[in-house]
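Visitor: Could you walk me through the charged side chains of this model?
Guide: Gladly, let us take a look together.

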Amino acid sequence: MANNVAIMSLYRKYRPKDFPSLIGQEHIKVTLLNSIKSGKIAHAYLFTGPRGTGKTTTARLLAKAINVDTMTEDGRFDDSELAEEIDAGRLIDVIEIDAASNRGIDEIRDLREKINYSPTRAKNKVYIIDEVHMLTKEAFNALLKTLEEPPSFVYFILATTEINKVPETIISRCQRFDFRRITEEILVEHLKQVAKIEGIEAEDEAVRILAKHARGGARDALTLLEQIATGKKLDAARVKSVLGISHYSACEEILEMMQNGQTADAMLKLDQIFQAGVDLVQFNRDFLDFLRQRLLEAVKQESGANTARFIELIGYFQEAYEKQKFSYIPELPLEVAIAKSGVRNMPNQDEQARPTPRPTQITQIKKPDTKTQDPELAEPYSGPEPSELSEDTKNTPELKDFLKKWNKVIERIHLPLAKRCLMAAKPVSLENGNLTLAFSNHFNKDKLFVPELLAVSEKAILEETGQPIKLTGKVDPGLVKDNTTSSGLGETAEESSDKAAESLPAEKSSVKNNVIESALNVFGGEMVA
(Lines give C-alpha, C1' and ligand atoms only; values in the text may rest on other atoms or scores of the structure.)
Protein backbone atom coordinates (compact mmCIF):
# COMPACT_ATOMS: atom_id res chain seq x y z
CA MET A 1 0.00 0.00 0.00
CA ALA A 2 2.84 2.36 0.86
CA ASN A 3 4.43 1.79 -2.55
CA ASN A 4 1.15 2.63 -4.28
CA VAL A 5 0.92 5.92 -2.38
CA ALA A 6 4.50 6.77 -3.29
CA ILE A 7 3.84 6.55 -7.03
CA MET A 8 0.34 8.02 -6.98
CA SER A 9 -0.11 11.27 -8.89
CA LEU A 10 -0.54 14.31 -6.67
CA TYR A 11 -3.94 15.22 -8.07
CA ARG A 12 -5.20 11.70 -7.21
CA LYS A 13 -3.46 11.64 -3.87
CA TYR A 14 -5.02 14.94 -2.80
CA ARG A 15 -8.44 14.45 -4.38
CA PRO A 16 -11.00 15.52 -1.74
CA LYS A 17 -12.54 12.63 0.18
CA ASP A 18 -15.12 14.73 2.02
CA PHE A 19 -16.99 17.98 1.48
CA PRO A 20 -14.77 20.21 3.67
CA SER A 21 -11.79 19.29 1.44
CA LEU A 22 -13.58 20.49 -1.70
CA ILE A 23 -12.08 23.87 -2.64
CA GLY A 24 -13.43 26.78 -4.65
CA GLN A 25 -17.05 25.62 -4.94
CA GLU A 26 -18.69 26.84 -1.74
CA HIS A 27 -22.01 27.62 -3.45
CA ILE A 28 -22.34 24.01 -4.62
CA LYS A 29 -21.06 22.50 -1.39
CA VAL A 30 -23.60 24.33 0.78
CA THR A 31 -26.55 23.53 -1.50
CA LEU A 32 -25.75 19.82 -1.75
CA LEU A 33 -25.18 19.46 2.00
CA ASN A 34 -28.53 21.09 2.71
CA SER A 35 -30.26 18.71 0.28
CA ILE A 36 -28.57 15.67 1.84
CA LYS A 37 -29.45 16.72 5.40
CA SER A 38 -33.09 17.32 4.47
CA GLY A 39 -33.31 14.04 2.55
CA LYS A 40 -34.39 15.85 -0.62
CA ILE A 41 -31.94 14.29 -3.04
CA ALA A 42 -32.81 14.51 -6.74
CA HIS A 43 -32.53 11.46 -8.98
CA ALA A 44 -30.62 13.36 -11.69
CA TYR A 45 -27.91 16.02 -11.41
CA LEU A 46 -25.99 17.90 -14.08
CA PHE A 47 -22.56 19.30 -13.18
CA THR A 48 -21.11 21.74 -15.71
CA GLY A 49 -17.97 23.88 -15.73
CA PRO A 50 -14.31 24.07 -16.79
CA ARG A 51 -12.07 21.04 -16.47
CA GLY A 52 -10.30 20.35 -13.22
CA THR A 53 -12.76 22.27 -11.07
CA GLY A 54 -14.13 19.28 -9.13
CA LYS A 55 -17.12 17.96 -11.08
CA THR A 56 -16.22 14.25 -10.95
CA THR A 57 -14.89 14.60 -7.41
CA THR A 58 -18.13 16.17 -6.24
CA ALA A 59 -20.07 13.38 -8.01
CA ARG A 60 -18.17 10.80 -5.97
CA LEU A 61 -18.79 12.71 -2.75
CA LEU A 62 -22.49 12.82 -3.55
CA ALA A 63 -22.44 9.07 -4.30
CA LYS A 64 -20.89 8.50 -0.87
CA ALA A 65 -23.51 10.67 0.80
CA ILE A 66 -26.28 8.67 -0.93
CA ASN A 67 -24.87 5.31 0.20
CA VAL A 68 -22.94 5.82 3.45
CA ASP A 69 -24.99 5.71 6.65
CA THR A 70 -22.99 8.22 8.67
CA MET A 71 -21.99 11.76 7.65
CA THR A 72 -21.21 14.69 9.94
CA GLU A 73 -22.95 18.06 9.72
CA ASP A 74 -20.07 19.54 7.73
CA GLY A 75 -19.90 16.62 5.28
CA ARG A 76 -17.22 14.28 6.67
CA PHE A 77 -17.43 10.49 6.32
CA ASP A 78 -16.29 7.60 8.49
CA ASP A 79 -13.41 5.48 7.21
CA SER A 80 -15.64 2.61 6.14
CA GLU A 81 -14.82 -0.02 3.54
CA LEU A 82 -17.69 1.19 1.38
CA ALA A 83 -16.39 4.77 1.43
CA GLU A 84 -12.86 3.62 0.52
CA GLU A 85 -14.16 1.62 -2.44
CA ILE A 86 -16.09 4.63 -3.75
CA ASP A 87 -12.99 6.83 -3.39
CA ALA A 88 -10.94 4.28 -5.31
CA GLY A 89 -13.63 3.82 -7.97
CA ARG A 90 -13.99 0.11 -7.19
CA LEU A 91 -17.55 -0.11 -5.84
CA ILE A 92 -19.66 -2.02 -8.34
CA ASP A 93 -22.78 0.01 -7.51
CA VAL A 94 -21.16 3.34 -8.39
CA ILE A 95 -20.71 3.12 -12.15
CA GLU A 96 -18.52 5.72 -13.88
CA ILE A 97 -18.97 5.98 -17.63
CA ASP A 98 -16.72 8.04 -19.93
CA ALA A 99 -19.08 9.27 -22.63
CA ALA A 100 -16.14 10.24 -24.82
CA SER A 101 -15.33 6.53 -25.23
CA ASN A 102 -18.83 5.09 -24.79
CA ARG A 103 -20.93 7.55 -26.72
CA GLY A 104 -23.21 5.30 -28.79
CA ILE A 105 -26.73 4.05 -28.35
CA ASP A 106 -25.53 0.48 -27.67
CA GLU A 107 -23.80 1.56 -24.46
CA ILE A 108 -26.91 3.43 -23.25
CA ARG A 109 -29.12 0.46 -24.14
CA ASP A 110 -26.84 -1.75 -22.06
CA LEU A 111 -27.20 0.76 -19.19
CA ARG A 112 -31.01 0.62 -19.52
CA GLU A 113 -31.03 -3.18 -19.42
CA LYS A 114 -28.97 -3.33 -16.23
CA ILE A 115 -30.50 -0.37 -14.45
CA ASN A 116 -33.40 -2.34 -13.01
CA TYR A 117 -31.12 -4.78 -11.21
CA SER A 118 -30.94 -4.06 -7.48
CA PRO A 119 -27.68 -2.77 -5.97
CA THR A 120 -25.17 -5.47 -5.06
CA ARG A 121 -23.51 -4.01 -1.95
CA ALA A 122 -24.69 -0.44 -1.49
CA LYS A 123 -28.17 0.92 -0.80
CA ASN A 124 -28.39 2.69 -4.14
CA LYS A 125 -26.87 2.60 -7.60
CA VAL A 126 -25.23 5.80 -8.85
CA TYR A 127 -24.34 6.36 -12.52
CA ILE A 128 -21.70 9.04 -13.11
CA ILE A 129 -21.52 9.90 -16.83
CA ASP A 130 -18.51 12.12 -17.57
CA GLU A 131 -18.29 14.35 -20.67
CA VAL A 132 -21.96 13.60 -21.32
CA HIS A 133 -22.05 16.11 -24.19
CA MET A 134 -20.15 13.54 -26.28
CA LEU A 135 -23.16 11.22 -26.53
CA THR A 136 -24.78 10.86 -29.93
CA LYS A 137 -28.28 12.15 -30.60
CA GLU A 138 -29.68 8.61 -30.50
CA ALA A 139 -27.87 7.92 -27.22
CA PHE A 140 -29.29 11.10 -25.69
CA ASN A 141 -32.80 10.03 -26.71
CA ALA A 142 -32.31 6.63 -25.09
CA LEU A 143 -30.91 8.23 -21.93
CA LEU A 144 -33.83 10.64 -21.79
CA LYS A 145 -36.33 7.81 -21.35
CA THR A 146 -34.27 6.45 -18.47
CA LEU A 147 -34.01 9.84 -16.76
CA GLU A 148 -37.77 10.34 -16.88
CA GLU A 149 -38.67 7.26 -14.81
CA PRO A 150 -35.61 5.76 -13.07
CA PRO A 151 -36.02 3.07 -10.39
CA SER A 152 -36.19 4.45 -6.86
CA PHE A 153 -32.71 3.16 -6.03
CA VAL A 154 -30.98 4.72 -9.09
CA TYR A 155 -29.34 8.17 -9.26
CA PHE A 156 -27.69 9.88 -12.22
CA ILE A 157 -24.90 12.46 -12.08
CA LEU A 158 -23.97 13.89 -15.50
CA ALA A 159 -20.82 15.98 -15.94
CA THR A 160 -19.80 18.17 -18.90
CA THR A 161 -17.42 20.92 -19.90
CA GLU A 162 -19.66 21.97 -22.82
CA ILE A 163 -23.19 22.54 -21.56
CA ASN A 164 -24.20 24.09 -24.89
CA LYS A 165 -23.98 20.63 -26.50
CA VAL A 166 -26.35 19.00 -24.03
CA PRO A 167 -29.99 18.90 -25.26
CA GLU A 168 -32.49 21.03 -23.37
CA THR A 169 -34.62 17.94 -22.84
CA ILE A 170 -31.80 16.43 -20.75
CA ILE A 171 -31.02 19.66 -18.87
CA SER A 172 -34.65 20.18 -17.91
CA ARG A 173 -34.77 16.80 -16.15
CA CYS A 174 -31.70 17.44 -13.99
CA GLN A 175 -30.74 19.70 -11.13
CA ARG A 176 -28.01 21.83 -12.66
CA PHE A 177 -24.90 23.03 -10.81
CA ASP A 178 -22.40 25.38 -12.46
CA PHE A 179 -18.81 24.94 -11.28
CA ARG A 180 -16.63 28.03 -11.34
CA ARG A 181 -12.95 28.40 -12.02
CA ILE A 182 -11.09 28.21 -8.74
CA THR A 183 -9.65 31.61 -7.88
CA GLU A 184 -5.93 32.20 -8.07
CA GLU A 185 -5.75 32.98 -4.34
CA ILE A 186 -7.38 29.66 -3.37
CA LEU A 187 -5.12 27.72 -5.73
CA VAL A 188 -2.02 29.40 -4.30
CA GLU A 189 -2.98 28.37 -0.76
CA HIS A 190 -3.82 24.85 -1.91
CA LEU A 191 -0.48 24.45 -3.70
CA LYS A 192 1.42 25.77 -0.70
CA GLN A 193 -0.33 23.30 1.57
CA VAL A 194 0.39 20.35 -0.73
CA ALA A 195 4.02 21.45 -1.17
CA LYS A 196 4.45 21.64 2.60
CA ILE A 197 3.05 18.14 3.11
CA GLU A 198 5.23 16.77 0.31
CA GLY A 199 8.33 18.49 1.68
CA ILE A 200 8.75 20.69 -1.40
CA GLU A 201 10.52 24.00 -0.82
CA ALA A 202 8.48 26.29 -3.07
CA GLU A 203 9.11 29.97 -3.79
CA ASP A 204 6.04 32.18 -3.50
CA GLU A 205 6.50 33.55 -7.02
CA ALA A 206 6.78 30.03 -8.43
CA VAL A 207 3.54 28.99 -6.76
CA ARG A 208 1.76 32.11 -8.04
CA ILE A 209 2.91 31.39 -11.60
CA LEU A 210 1.64 27.80 -11.39
CA ALA A 211 -1.72 28.93 -10.02
CA LYS A 212 -2.08 31.54 -12.76
CA HIS A 213 -1.07 29.10 -15.50
CA ALA A 214 -3.60 26.50 -14.29
CA ARG A 215 -6.43 28.97 -15.11
CA GLY A 216 -8.74 27.88 -12.33
CA GLY A 217 -8.15 24.12 -12.49
CA ALA A 218 -6.91 22.35 -9.34
CA ARG A 219 -5.99 19.20 -11.25
CA ASP A 220 -3.81 21.11 -13.71
CA ALA A 221 -2.16 23.05 -10.88
CA LEU A 222 -1.17 19.87 -9.00
CA THR A 223 -0.02 18.18 -12.20
CA LEU A 224 2.28 21.14 -12.95
CA LEU A 225 3.60 21.13 -9.38
CA GLU A 226 4.48 17.45 -9.69
CA GLN A 227 6.00 17.91 -13.14
CA ILE A 228 8.21 20.89 -12.39
CA ALA A 229 9.33 20.37 -8.78
CA THR A 230 12.74 18.68 -8.84
CA GLY A 231 14.87 17.74 -5.87
CA LYS A 232 12.09 18.89 -3.54
CA LYS A 233 12.53 22.47 -4.80
CA LEU A 234 10.34 24.73 -6.87
CA ASP A 235 11.82 28.04 -8.02
CA ALA A 236 10.36 30.69 -10.29
CA ALA A 237 13.17 30.53 -12.85
CA ARG A 238 12.57 26.84 -13.51
CA VAL A 239 8.81 27.32 -13.69
CA LYS A 240 9.21 30.06 -16.30
CA SER A 241 11.69 27.95 -18.24
CA VAL A 242 9.52 24.82 -18.32
CA LEU A 243 6.30 26.69 -19.11
CA GLY A 244 7.99 28.97 -21.64
CA ILE A 245 6.68 32.03 -19.86
CA SER A 246 8.17 35.30 -21.03
CA HIS A 247 9.29 37.97 -18.63
CA TYR A 248 6.88 40.74 -17.76
CA SER A 249 9.51 43.29 -18.78
CA ALA A 250 9.52 41.96 -22.36
CA CYS A 251 5.78 42.65 -22.63
CA GLU A 252 6.32 46.17 -21.30
CA GLU A 253 9.15 46.83 -23.75
CA ILE A 254 7.21 45.69 -26.81
CA LEU A 255 4.12 47.68 -25.81
CA GLU A 256 6.17 50.83 -25.25
CA MET A 257 7.86 50.40 -28.65
CA MET A 258 4.50 49.99 -30.38
CA GLN A 259 3.06 53.02 -28.58
CA ASN A 260 6.04 55.11 -29.73
CA GLY A 261 5.74 53.93 -33.32
CA GLN A 262 9.00 51.93 -33.10
CA THR A 263 7.68 49.05 -35.17
CA ALA A 264 11.08 47.77 -36.32
CA ASP A 265 12.43 47.75 -32.75
CA ALA A 266 9.36 45.85 -31.54
CA MET A 267 9.87 43.22 -34.24
CA LEU A 268 13.54 42.93 -33.34
CA LYS A 269 12.63 42.38 -29.69
CA LEU A 270 10.16 39.69 -30.74
CA ASP A 271 12.88 37.96 -32.76
CA GLN A 272 15.20 38.02 -29.73
CA ILE A 273 12.48 36.37 -27.64
CA PHE A 274 11.99 33.72 -30.34
CA GLN A 275 15.73 33.05 -30.68
CA ALA A 276 15.94 32.60 -26.91
CA GLY A 277 13.65 29.59 -27.28
CA VAL A 278 10.47 31.09 -25.83
CA ASP A 279 7.26 29.49 -27.08
CA LEU A 280 5.59 32.30 -29.06
CA VAL A 281 2.11 30.91 -28.49
CA GLN A 282 2.72 31.13 -24.74
CA PHE A 283 4.27 34.58 -25.17
CA ASN A 284 1.16 35.78 -26.99
CA ARG A 285 -1.04 34.44 -24.17
CA ASP A 286 1.12 36.35 -21.69
CA PHE A 287 1.01 39.49 -23.82
CA LEU A 288 -2.77 39.30 -24.19
CA ASP A 289 -3.08 38.95 -20.42
CA PHE A 290 -0.75 41.94 -20.04
CA LEU A 291 -2.88 44.01 -22.45
CA ARG A 292 -6.02 42.92 -20.61
CA GLN A 293 -4.63 44.25 -17.33
CA ARG A 294 -3.79 47.57 -19.01
CA LEU A 295 -7.29 47.70 -20.52
CA LEU A 296 -8.88 47.18 -17.11
CA GLU A 297 -6.71 49.97 -15.69
CA ALA A 298 -7.76 52.31 -18.51
CA VAL A 299 -11.45 51.53 -17.95
CA LYS A 300 -11.07 52.09 -14.21
CA GLN A 301 -9.41 55.46 -14.87
CA GLU A 302 -12.16 56.34 -17.38
CA SER A 303 -9.57 57.02 -20.06
CA GLY A 304 -11.49 56.70 -23.31
CA ALA A 305 -8.44 57.10 -25.55
CA ASN A 306 -6.40 54.44 -23.75
CA THR A 307 -9.39 52.11 -23.59
CA ALA A 308 -9.85 52.35 -27.35
CA ARG A 309 -6.14 51.80 -27.96
CA PHE A 310 -5.96 48.64 -25.82
CA ILE A 311 -9.15 47.27 -27.37
CA GLU A 312 -7.50 47.79 -30.75
CA LEU A 313 -4.26 46.05 -29.71
CA ILE A 314 -6.08 43.14 -28.09
CA GLY A 315 -7.94 42.65 -31.36
CA TYR A 316 -4.67 42.46 -33.31
CA PHE A 317 -3.00 39.96 -30.98
CA GLN A 318 -6.14 37.87 -30.43
CA GLU A 319 -6.32 37.47 -34.20
CA ALA A 320 -2.63 36.51 -34.22
CA TYR A 321 -3.26 33.92 -31.50
CA GLU A 322 -6.00 32.30 -33.54
CA LYS A 323 -3.72 32.12 -36.59
CA GLN A 324 -0.56 30.89 -34.83
CA LYS A 325 -1.59 27.22 -34.87
CA PHE A 326 -1.85 27.30 -38.67
CA SER A 327 1.18 29.48 -39.40
CA TYR A 328 4.16 27.93 -41.20
CA ILE A 329 6.38 30.68 -39.76
CA PRO A 330 5.86 30.82 -35.97
CA GLU A 331 6.63 34.50 -35.56
CA LEU A 332 4.68 35.75 -38.62
CA PRO A 333 1.23 36.30 -37.00
CA LEU A 334 2.82 38.31 -34.18
CA GLU A 335 4.89 40.34 -36.64
CA VAL A 336 1.72 41.16 -38.57
CA ALA A 337 0.03 42.26 -35.33
CA ILE A 338 2.96 44.54 -34.49
CA ALA A 339 2.95 45.94 -38.03
CA LYS A 340 -0.79 46.72 -37.78
CA SER A 341 -0.21 48.63 -34.57
CA GLY A 342 2.48 50.63 -36.37
CA VAL A 343 0.29 51.46 -39.36
CA ARG A 344 -2.11 53.19 -36.97
CA ASN A 345 0.63 55.64 -35.97
CA MET A 346 1.74 56.37 -39.55
CA PRO A 347 0.33 59.35 -41.44
CA ASN A 348 -2.06 58.47 -44.25
CA GLN A 349 -0.49 58.91 -47.70
CA ASP A 350 -3.53 60.76 -48.94
CA GLU A 351 -3.31 63.08 -45.96
CA GLN A 352 0.34 63.79 -46.74
CA ALA A 353 -0.51 64.69 -50.34
CA ARG A 354 -3.17 67.19 -49.40
CA PRO A 355 -2.28 70.86 -48.92
CA THR A 356 -2.18 72.07 -45.37
CA PRO A 357 -5.46 73.88 -44.61
CA ARG A 358 -5.18 77.59 -44.05
CA PRO A 359 -5.79 78.83 -40.49
CA THR A 360 -9.50 79.52 -40.36
CA GLN A 361 -11.20 82.51 -38.84
CA ILE A 362 -14.94 82.48 -38.31
CA THR A 363 -15.38 85.68 -40.35
CA GLN A 364 -13.50 84.16 -43.33
CA ILE A 365 -15.54 81.00 -43.83
CA LYS A 366 -16.24 79.91 -47.40
CA LYS A 367 -18.21 76.78 -48.11
CA PRO A 368 -16.50 74.42 -50.58
CA ASP A 369 -17.73 74.53 -54.16
CA THR A 370 -18.53 70.90 -55.01
CA LYS A 371 -18.78 71.78 -58.71
CA THR A 372 -15.10 72.63 -58.96
CA GLN A 373 -13.55 70.65 -56.14
CA ASP A 374 -13.02 66.97 -55.60
CA PRO A 375 -15.18 66.17 -52.53
CA GLU A 376 -12.29 64.13 -51.13
CA LEU A 377 -10.08 67.24 -51.23
CA ALA A 378 -12.70 69.63 -49.92
CA GLU A 379 -11.95 71.11 -46.53
CA PRO A 380 -14.09 69.76 -43.70
CA TYR A 381 -16.46 72.02 -41.86
CA SER A 382 -14.42 74.63 -40.04
CA GLY A 383 -16.97 76.55 -38.04
CA PRO A 384 -20.37 78.21 -38.46
CA GLU A 385 -21.06 81.48 -40.13
CA PRO A 386 -21.50 84.21 -37.49
CA SER A 387 -25.03 84.82 -38.79
CA GLU A 388 -25.89 81.17 -38.20
CA LEU A 389 -24.74 81.14 -34.57
CA SER A 390 -27.45 80.98 -31.95
CA GLU A 391 -27.50 83.48 -29.13
CA ASP A 392 -26.10 80.76 -26.85
CA THR A 393 -22.99 80.27 -28.98
CA LYS A 394 -22.24 83.73 -30.41
CA ASN A 395 -20.84 85.10 -27.20
CA THR A 396 -18.90 82.03 -26.06
CA PRO A 397 -15.15 82.71 -26.35
CA GLU A 398 -14.33 79.08 -25.54
CA LEU A 399 -16.27 77.84 -28.54
CA LYS A 400 -14.79 80.47 -30.88
CA ASP A 401 -11.26 79.49 -29.83
CA PHE A 402 -12.09 75.81 -30.24
CA LEU A 403 -13.53 76.29 -33.74
CA LYS A 404 -10.15 77.59 -34.90
CA LYS A 405 -8.70 74.15 -34.11
CA TRP A 406 -11.57 72.06 -35.43
CA ASN A 407 -9.86 71.29 -38.78
CA LYS A 408 -6.73 70.15 -36.98
CA VAL A 409 -8.76 67.89 -34.72
CA ILE A 410 -10.33 66.18 -37.73
CA GLU A 411 -6.94 65.82 -39.43
CA ARG A 412 -5.63 63.87 -36.45
CA ILE A 413 -8.24 61.14 -36.90
CA HIS A 414 -7.27 58.23 -39.14
CA LEU A 415 -10.41 56.11 -38.76
CA PRO A 416 -12.43 56.94 -41.90
CA LEU A 417 -15.86 56.52 -40.32
CA ALA A 418 -15.04 58.66 -37.28
CA LYS A 419 -13.54 61.32 -39.51
CA ARG A 420 -16.55 61.51 -41.83
CA CYS A 421 -19.01 61.62 -38.94
CA LEU A 422 -17.15 64.58 -37.43
CA MET A 423 -17.03 66.31 -40.81
CA ALA A 424 -20.84 66.03 -40.89
CA ALA A 425 -21.17 67.51 -37.41
CA LYS A 426 -21.37 71.12 -36.24
CA PRO A 427 -19.96 72.24 -32.87
CA VAL A 428 -22.68 74.38 -31.29
CA SER A 429 -21.65 74.81 -27.66
CA LEU A 430 -18.67 74.28 -25.35
CA GLU A 431 -19.33 74.55 -21.64
CA ASN A 432 -17.50 73.09 -18.65
CA GLY A 433 -15.44 70.77 -20.80
CA ASN A 434 -18.46 69.40 -22.67
CA LEU A 435 -18.66 69.97 -26.43
CA THR A 436 -22.08 69.56 -28.04
CA LEU A 437 -22.16 68.54 -31.69
CA ALA A 438 -25.25 69.01 -33.86
CA PHE A 439 -26.06 66.47 -36.60
CA SER A 440 -28.56 66.59 -39.41
CA ASN A 441 -29.60 62.97 -38.88
CA HIS A 442 -29.46 60.13 -36.39
CA PHE A 443 -27.24 57.98 -38.60
CA ASN A 444 -24.14 60.15 -38.18
CA LYS A 445 -24.77 60.81 -34.51
CA ASP A 446 -25.31 57.14 -33.61
CA LYS A 447 -22.27 56.02 -35.60
CA LEU A 448 -19.94 58.51 -33.89
CA PHE A 449 -21.15 57.75 -30.38
CA VAL A 450 -20.15 54.10 -30.27
CA PRO A 451 -17.41 53.68 -27.60
CA GLU A 452 -14.52 53.04 -30.03
CA LEU A 453 -15.15 56.01 -32.36
CA LEU A 454 -16.03 58.31 -29.46
CA ALA A 455 -12.76 57.44 -27.69
CA VAL A 456 -10.73 58.11 -30.86
CA SER A 457 -12.48 61.47 -31.38
CA GLU A 458 -11.98 62.64 -27.79
CA LYS A 459 -8.34 61.60 -27.94
CA ALA A 460 -7.81 63.72 -31.06
CA ILE A 461 -9.37 66.72 -29.28
CA LEU A 462 -7.13 66.17 -26.25
CA GLU A 463 -4.00 65.93 -28.41
CA GLU A 464 -4.84 69.08 -30.38
CA THR A 465 -6.22 71.31 -27.64
CA GLY A 466 -4.61 69.88 -24.52
CA GLN A 467 -8.06 69.81 -22.90
CA PRO A 468 -9.95 66.65 -21.80
CA ILE A 469 -13.16 67.58 -23.61
CA LYS A 470 -16.14 65.20 -23.55
CA LEU A 471 -18.44 64.96 -26.58
CA THR A 472 -22.22 65.00 -26.55
CA GLY A 473 -24.54 65.12 -29.54
CA LYS A 474 -27.98 66.06 -30.69
CA VAL A 475 -29.92 65.92 -33.95
CA ASP A 476 -30.92 69.38 -35.21
CA PRO A 477 -31.10 69.75 -39.02
CA GLY A 478 -31.89 73.45 -38.62
CA LEU A 479 -28.50 74.11 -37.02
CA VAL A 480 -26.45 71.96 -39.39
CA LYS A 481 -28.06 73.01 -42.71
CA ASP A 482 -25.73 72.20 -45.64
CA ASN A 483 -22.85 71.07 -43.51
CA THR A 484 -22.61 67.61 -45.09
CA THR A 485 -21.49 68.77 -48.53
CA SER A 486 -17.95 67.55 -48.23
CA SER A 487 -18.70 64.12 -46.85
CA GLY A 488 -22.03 63.09 -48.32
CA LEU A 489 -23.17 61.78 -44.94
CA GLY A 490 -26.31 63.91 -44.88
CA GLU A 491 -27.73 61.87 -47.78
CA THR A 492 -27.91 58.25 -48.73
CA ALA A 493 -24.87 56.78 -50.47
CA GLU A 494 -26.75 56.59 -53.77
CA GLU A 495 -28.08 60.17 -53.57
CA SER A 496 -24.65 61.50 -52.67
CA SER A 497 -22.87 59.83 -55.58
CA ASP A 498 -25.60 60.67 -58.12
CA LYS A 499 -25.72 64.37 -57.17
CA ALA A 500 -21.96 64.65 -57.35
CA ALA A 501 -21.94 63.04 -60.79
CA GLU A 502 -24.63 65.42 -62.12
CA SER A 503 -22.74 68.50 -60.93
CA LEU A 504 -19.43 67.60 -62.63
CA PRO A 505 -18.34 67.71 -66.28
CA ALA A 506 -17.64 64.40 -68.00
CA GLU A 507 -13.89 64.75 -67.73
CA LYS A 508 -14.24 64.84 -63.93
CA SER A 509 -15.87 61.41 -63.69
CA SER A 510 -13.11 60.32 -61.33
CA VAL A 511 -14.72 62.51 -58.69
CA LYS A 512 -17.81 60.32 -58.75
CA ASN A 513 -15.64 57.31 -58.00
CA ASN A 514 -14.15 59.14 -55.03
CA VAL A 515 -17.61 59.92 -53.70
CA ILE A 516 -18.71 56.31 -54.19
CA GLU A 517 -15.62 55.12 -52.36
CA SER A 518 -16.46 57.50 -49.54
CA ALA A 519 -19.95 56.10 -49.28
CA LEU A 520 -18.63 52.54 -49.38
CA ASN A 521 -16.22 53.35 -46.54
CA VAL A 522 -19.12 54.58 -44.45
CA PHE A 523 -21.47 51.68 -45.11
CA GLY A 524 -18.82 48.94 -45.20
CA GLY A 525 -19.59 47.83 -48.78
CA GLU A 526 -17.48 47.09 -51.82
CA MET A 527 -17.57 48.02 -55.51
CA VAL A 528 -18.54 45.31 -57.99
CA ALA A 529 -18.53 45.36 -61.76
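Guide: A word on terms before we start: helices are DSSP runs of H or I with at least four residues, numbered from the N terminus. Please keep in mind that this is a predicted model.

Visitor: By about how much of the helix are Asp110 and Lys114 separated?
Guide: These two form a salt bridge, with the closest N and O atoms 3.4 Å apart. Both belong to helix α6 (residues 105-114) and sit 4 residues apart, so their separation is about one helical turn.

Visitor: Is Lys64, the salt-bridge partner of Asp87, buried or exposed?
Guide: The closest N and O atoms of Asp87 and Lys64 are 3.1 Å apart. Asp87 lies in helix α5 and Lys64 in helix α4, so the pair ties together parts 23 residues apart in sequence. Asp87 is partly exposed at 22% relative accessibility. Buried means under 20%, and with a relative accessible area of 2%, Lys64 is buried.

Visitor: What is the relative accessible area of Asp79?
Guide: Asp79 belongs to a negative surface patch that also includes Asp78, Glu81 and Glu84. Asp79 lies in the loop between α4 (55-67) and α5 (81-88). Exposed means over 50%, and Asp79 is exposed, with a relative accessible area of 75%.

Notes. Residues numbered from 1 in each chain as written. Predicted model: local features only at pLDDT ≥ 70, side-chain atom pairs only at ≥ 80, totals over all residues. Heavy atoms only, no water. Patch = residues over 30% accessible without salt bridge, like charges linked within 9 Å, V, L, I, M, F, W, Y side chains within 5 Å. Areas by Shrake-Rupley, 256 points an atom, 1.4 Å probe, with all protein chains shown as cover. Salt bridge = Lys/Arg side-chain N within 4 Å of Asp/Glu carboxyl O. Lys, Arg positive; Asp, Glu negative; His and termini not counted. Charge placed at Lys NZ, Arg CZ, Asp CG, Glu CD. Helix = DSSP H or I, 4+ residues; strand = E, 2+ residues; numbered from the N terminus. Buried < 20%, exposed > 50% of the residue type's maximum accessible area, 1.4 Å probe, protein only.
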